Amino acid sequence: MIHVLAGRRLRLVAGLWALAEVLVFVLVASWIGLGWTILAALATTALGWVLLARQGMRALADLRERARTRQGAGRALGDAGLVGVGGLLMVLPGFLGDLIGLLCLLPGTRGLVRAVLTRLVVSRLPEELRGPVRVRSDRAAEVTDHDPQHYPQGERPTAIEGEVLDRPRP
């Protein structure tokens, strides 16, 4: 039942989006003329390809650097996703998609899109899954019952005991 409802919502949003794109296209065409409107649509598509190539290469380079230095790639991975979505929106015809795609592609406005999407996702999470989660841990003594074959000569593993503390309920 939930799957059907989500499919209906997606179709409704896609239909309304297409209707809004056609409406904006007609309004722009009546303002600057049909020829200039088609030319502007083609220009934004070309700009989308250029920005996608430049920002996509930057995002991939950042991901590679984070993997090489073994840093967390959360934000870089999110940026790569936003660049991909932004490029797709810029390449597809439509001025509304171009505007949102441009916001996703430009590094200065990507943080704004990320913040809006984060708020949207967090607002839909159940209360128990929302942060912050507090964790208390104590470093324990060395483990004595380990299999020595799995560790280099003379090295002993360390166990970290801990518990997750739920945040206080209001």
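User: What is the mean pLDDT of the chain, and what share of its residues reach 70 or more?

Analyst: This is a predicted model. The mean pLDDT of the chain is 80, and 72% of its residues reach 70 or more.

User: Which element of the chain has the lowest mean pLDDT, and which the highest?

Analyst: Strand E1 (residues 134-142) has the lowest, at 57, while H4 has the highest, at 92. Where pLDDT is low, the predicted coordinates should not be read in detail.

User: What makes H2 roughly antiparallel to H3?

Analyst: The axes of helix H2 (residues 34-68) and helix H3 (residues 74-91) cross at roughly 165° and come within 9 Å. Angles over 145 degrees count as roughly antiparallel, so H2 is roughly antiparallel to H3. The crossing of these two helices, H2 and H3, is left-handed.

User: Which residues of H2 and H3 meet?

Analyst: On the H2 side they include Leu-47, Trp-49, Leu-52 and Leu-63, and on the H3 side they include Leu-77, Val-83 and Met-90. By class, the contact of H2 with H3 has eleven nonpolar, seven polar and two charged residues.

User: Why are H4 and H5 called roughly perpendicular?

Analyst: Helix H4 (residues 95-105) and helix H5 (residues 107-124) have axes that cross at roughly 105° and come within 5 Å. The range for roughly perpendicular is 65 to 115 degrees, and H4 and H5 are therefore roughly perpendicular to each other.

User: Which residues make that contact of H4 and H5?

Analyst: H4 contributes Leu-102, Leu-103, Cys-104 and Leu-105, and H5 contributes Pro-107, Thr-109, Arg-110 and Val-113. The residues of this contact divide into six nonpolar, one polar and one charged.

Technical notes
Residues are numbered from 1 along each chain as its sequence is written. This is a predicted model: local features need pLDDT of at least 70, side-chain atom pairs count only at pLDDT 80 or more; totals for chains, interfaces and linings use all residues. Side-chain values use heavy atoms; hydrogens and water are left out. Axes are lines fitted to C-alpha atoms, for helices over the stretch in contact, and angles run from 0 to 180 degrees between N-to-C directions. Helices (H or I, at least four residues) and strands (E, at least two) are DSSP runs, numbered from the N terminus. Angles under 35 degrees count as roughly parallel, over 145 as roughly antiparallel, 65 to 115 as roughly perpendicular and the rest as oblique. Contact means heavy atoms within 4.5 Å. Ala, Val, Leu, Ile, Met, Phe, Trp, Tyr, Cys and Pro count as nonpolar, Asp, Glu, Lys and Arg as charged, and the others, Gly among them, as polar. pLDDT is the predictor's confidence in each residue, from 0 to 100. A crossing is left-handed if the near helix is turned anticlockwise from the far one by less than a right angle, and right-handed if clockwise.
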